Amino acid sequence: MDADLVPAASAETTPPRRPPSGAWRQSWHRFRRNRAGMIGLFLVVLVVLTAIIGPFAAPYDPNDNSAMLRGAANAAPSARNWLGTDRNGYDVLSRAIYGAPTALAVGLGAMLIASLIGVLVGGVAGYIGGFTDEALMRGAEFFMIVPVFVVILAVVRLFGIIVVGTALERIPNLNLMTIILLLGLFSWPQIARMTRAEFLRLRHAEFVEAARCIGTTRREILFRHILPNALPPLIVLVALGIGGAILAEAMVSFLGFGDPKSISWGQMLFFNYQALKVAPWACLVPGAAIFITVLGFNLLADGLTDAFNPRLRA
Amino acid sequence: MGALRFILRRLAFSVALILGVSFILFALINAIGNPIQILLAETPGVSEDMIAALSKFYGVDGNFIDRYLSWLWAVVRFDFGTSIVYNQPVGDLLWVYGLETFKIQLPAILLSTLVATAAGVIAAMRQHGWADFSIVSSAMLGHSLPGFLVGILLILIFSYWLGILPSYGAYSTRNLLMGSVVVDGLWHMVLPVAMLTVFNTATLTLLMRSSLVDVLRQDYITAAWASGLPARRVVLHHALRNAFIPQLTYLGTLFGLMLGTAPVTETVFTWPGLGALYIAAIQQLDYPVIMGETMIITVMLVLATLLTDIAYVAIDPRIRLA
Amino acid sequence: MAGQLAPLLAVEGLKVHFHTRDGVVRAVDGVDFQVAPGQTLGIVGESGSGKTVSSLALLRLAPPPARIVAGRVLFEGEDLLRQSDKRLAQIRGRRMAMIFQNPATSLNPILSIGQQLTEILRWHTGVSRQAALDRAAELLALVGISDPAARLRQYPHELSGGMKQRVGIARALLCEPALLLADEPTTALDVTIQAQILDLLAELRQRLAMSMVLVTHDMGVVARMADRITVMYAGRVCETADAATIFNAPQHPYTRALLQSMPRIDHSYSGARRVLPSIAGRPPDLLHAPPGCRFHDRCPEAAPECRRVMPREHLLAPGHSVSCLRRGSPGEDAP
């Protein structure tokens, strides 16, 4: 600074300055201070751990219905079955634990598909522009206005029928995979829109122009300048989307259109809804599991939004 | 003039969209093959001729394009065909069941908008205070709660535990409450409407608050304060009007979401609405109903989007005069 | 201090602090100034000097997390900081009015000009809608807008920047206030329009015998418009004097440095004086404000005590006050 003026003063009055950290490190620091975001992260980590470790630690095999043979189906929570048993005598806690990996598979799978399609479509539309852009965006709008849920039900059912008697039928969890695929197919428009908006914005950004001036190639500009800037909103949309996909699959299963062979929270609800009065825990537990998961992802997304855009929280 | 052209373009796009959806659905259903065939294939005593005759009656014979076009032509004249399962005109079914669905969805949207606006205003005005914190926290929770869980909890608490509200159906099967259809109907509506309202209110509150916070930061609001206008006027007349504009799009989306997840809502409460009809139709391959109902729902969603676009133009002079 | 007349506005010891997550930013930390009736006070300073916050604080318009923690704002016999919201609403727009920096954002985009103007008139004076429209048209004409009746029906986005600013001025003058606060009124405008607006303001204050507080970073603007000038730096007042004195015989080191750094058309910057003089260093971080004079680390005349002791404003000559230990100001804690 002004070494020639009052050197002693500067050293005492100004605190030692660290070199400014990169944008990602800064965002992480901001995120850490956001209480809601940290709670969300905690919940998500909890679910992930349950999915990974849970199956090894679950008290019972999820398909163990020996309780029914003992006449202990629909039993209230006890020392033997911490969260009770359900209509078929399954241990609710174990099934809930096994539901976690299914849920995460659904969420991540759907959002992976959605992201791949969305980033590709949005990027192309934003970068190339013109007619391609118009056409792609109309396509995106189509997918957004169509009544997604209703159509998914129809397609799952119809696809299930078409597949009967064909070779496809023997693929395990085909039904679940169909659901994941459909969820992904209906989730890409939002991502595409966002990617396109970011590309448009950044394409004309001054720093991109500057990069071009010094001779950076188009590919370098794309990968080193534009994509990293478009990443934060993508992460937020993905976080929200995972929660949404898990919820959607739960709803589809709850209505009976899910995969009966997979263990999912929605399936648990479907099986046990009739016995709601008798064994409410069998429905409340999977319901609560879905709630915690969705809440976790929503809070995480919220925290990330704040961390990436430090507006003055006046 | 620019606004009119904008609306016409949206209209044209909407029509194209509806046609597209109908075509895709028709194609999918066509891929299954003849539903009559599937339903009756194993039934003893049913001859090929009977199947052929029924197929003709229900319009499921003939080649794909012919069938699609004749179906389309009928639909344009509001003839959706006859339900294979119920043996009634699909249009009648849609009307009856549709009314039940709107009976719970419209009050839910109205109630949510009112409550969310009030909550959003309070939260934005008392930002960072205790009221803001509790409103935002409750809204975050309500927004993440799955609808069916809310419904289940409501049933557990109010029907099973307290026993004061019914848990299924639109009307009591015997002994209407207070002997009146209207009162009995309203009594049955309470829980389903409550379930729908929770999510809507929560989401709208969060959006309204954030929108209002942004608007309140603007210079023209400071200018309004500086002109000595009272708080009521600044917030309601200046801020809220501006903050509400982005909510309009969301209301359209919300309506679509509610309608789209009607199957879930109506399954939880065994409510005889479009959702329940749809599930039954899919499971029993009642394809006229499937087609008809998907079309109607799509049309309603498209209309909702169109209406919000029109509302945008009407409210924001910047768009209107562009 | 400002003269024989009692001041219209007297600000004493104003402190506005921002309570942020990272700490307290002392944006305005003990500021005094006065405006006499019919006088124009220019408040100058760089960005971050606290001049805008000070002007907003007069009408209690500083948005949270800002909080007015100390001081008095005496206006027409009342301390505005101690009045009820109701009383304040009666003064705002009627006795003291404000015009804003960015004309594009200071008008509500979804209401017509007429609606915005008449609303204020009707609230303060209760006249009929037609009477309010007439008065609004009158004022639009006064600020030099052609075809006022048509303008009243238009929306802000249909007007140019200069016209919007004129509307902003008209809005402020609706109830003939005694004091006009102008926060950087010309900064967001083209240079040619700037001149027009300044001319307009000069003419209006003459015509309406209005006092004005003009907040700006542009020395050229104050040279033209201000009777007296207050120079602010990092939330404190450095020097206050009438315009001629400030320009011709500035006393505070900051004022001097500021004037020196202004490019002058009558100076040559080639040859020996090739470099445009500037003030070395950067304004202090107000989150961790130094205990002594805020300018000490950039001051060419700083003494060791300047780092420890905050100077208090003292009268150097009639109508000329300075806040600098090196000019004889006492320390803050001194009696």
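In chain A of this predicted model, confidence is lowest in helix 1 (residues 7-13), with a mean of 41, and highest in helix 12 (residues 281-308), with a mean of 93. The score used is pLDDT, the predictor's confidence in each residue, on a scale from 0 to 100. Residues 1-14 of chain A have a pLDDT below 50, and this stretch has 17 contacts in the model beyond near neighbours in sequence; two residues are in contact if their C-beta atoms, placed from the backbone, lie within 7 Å. Where pLDDT is low, the predicted coordinates should not be read in detail. For chain A the mean pLDDT is 83, and 91% of the residues reach 70 or more. Local features need pLDDT of at least 70 and side-chain atom pairs count only at pLDDT 80 or more, while totals for chains, interfaces and linings use all residues. Residues are numbered from 1 along each chain as its sequence is written, and chains are lettered from A and ligands numbered from 1 in the order in which they are written. Helices (H or I, at least four residues) and strands (E, at least two) are DSSP runs, numbered from the N terminus.

Within chain A, helix 5 (residues 92-128) and helix 10 (residues 218-254) cross at roughly 130°, and their axes come within 8 Å. Axes are lines fitted to C-alpha atoms, for helices over the stretch in contact, and angles run from 0 to 180 degrees between N-to-C directions. Helix 5 and helix 10 of chain A are therefore oblique to each other (angles under 35 degrees count as roughly parallel, over 145 as roughly antiparallel, 65 to 115 as roughly perpendicular and the rest as oblique). The crossing of helix 5 of chain A with helix 10 of chain A is right-handed; a crossing is left-handed if the near helix is turned anticlockwise from the far one by less than a right angle, and right-handed if clockwise. Residues making the contact include A:Ala103, A:Gly107, A:Met111 and A:Ser115 of helix 5 of chain A, and A:Leu234, A:Gly241, A:Ala245 and A:Glu249 of helix 10 of chain A. By class, the contact of these two helices has eleven nonpolar, three polar and one charged residues. Ala, Val, Leu, Ile, Met, Phe, Trp, Tyr, Cys and Pro count as nonpolar, Asp, Glu, Lys and Arg as charged, and the others, Gly among them, as polar.

Contact between chain A and chain B takes 33 residues from chain A and 38 residues from chain B. On the side of chain A that touches chain B, helix 6 (130-145), helix 7 (148-163), helix 10 and helix 12 of chain A each supply at least two residues. Helix 7 of chain A gives the largest share, ten residues. This side of chain A has 28 nonpolar, two polar and three charged residues.

In chain B, helix 12 (residues 274-283) and helix 13 (residues 287-315) pack at an angle of about 140° with their axes 8 Å apart, and are therefore oblique to each other. Their crossing is left-handed. B:Leu274, B:Leu277, B:Tyr278, B:Ala281 and B:Ile282 of helix 12 of chain B meet B:Val289, B:Ile290 and B:Glu293 of helix 13 of chain B. The contact of helix 12 with helix 13 of chain B comprises seven nonpolar, no polar and one charged residues.

Chain C contains an open sheet of four strands in the order 2-1-4-5, with antiparallel pairing; two strands pair if DSSP finds at least two bridges between them. Strand 2 (23-35) and strand 5 (78-79) of chain C are the edge strands, each pairing on one side only. Strand 1 (residues 9-20) of chain C pairs with strand 2 of chain C over nine bridges in the antiparallel sense, and the two form a hairpin with two residues between them. In this pairing C:Thr20 has C:Gly23 as its bridge partner, and C:Val11 has C:Phe33. Strand 1 of chain C is also antiparallel to strand 4 of chain C, over eight bridges, with C:Glu12 partnered by C:Arg72. Helix 1 (residues 51-58) of chain C lies across strand 1, strand 2 and strand 4 (66-75) of chain C, at about 70° to strand 2.

An open sheet of eight strands in chain C has the order 6-7-8-3-9-10-12-11 and mixed pairing. Strand 6 (96-99) and strand 11 (314-317) of chain C stand at the edges with a single partner strand each, so one side of each is left without a neighbour in the sheet. From one strand to the next the twist averages 20°. Strand 3 (residues 40-44) and strand 8 (residues 211-216) of chain C run parallel and are joined by five bridges; C:Gly42 stands opposite C:Leu214 of strand 8. Helix 6 (residues 161-173) of chain C lies across strand 6 and strand 7 (179-183) of chain C, running at about 175° to strand 6.
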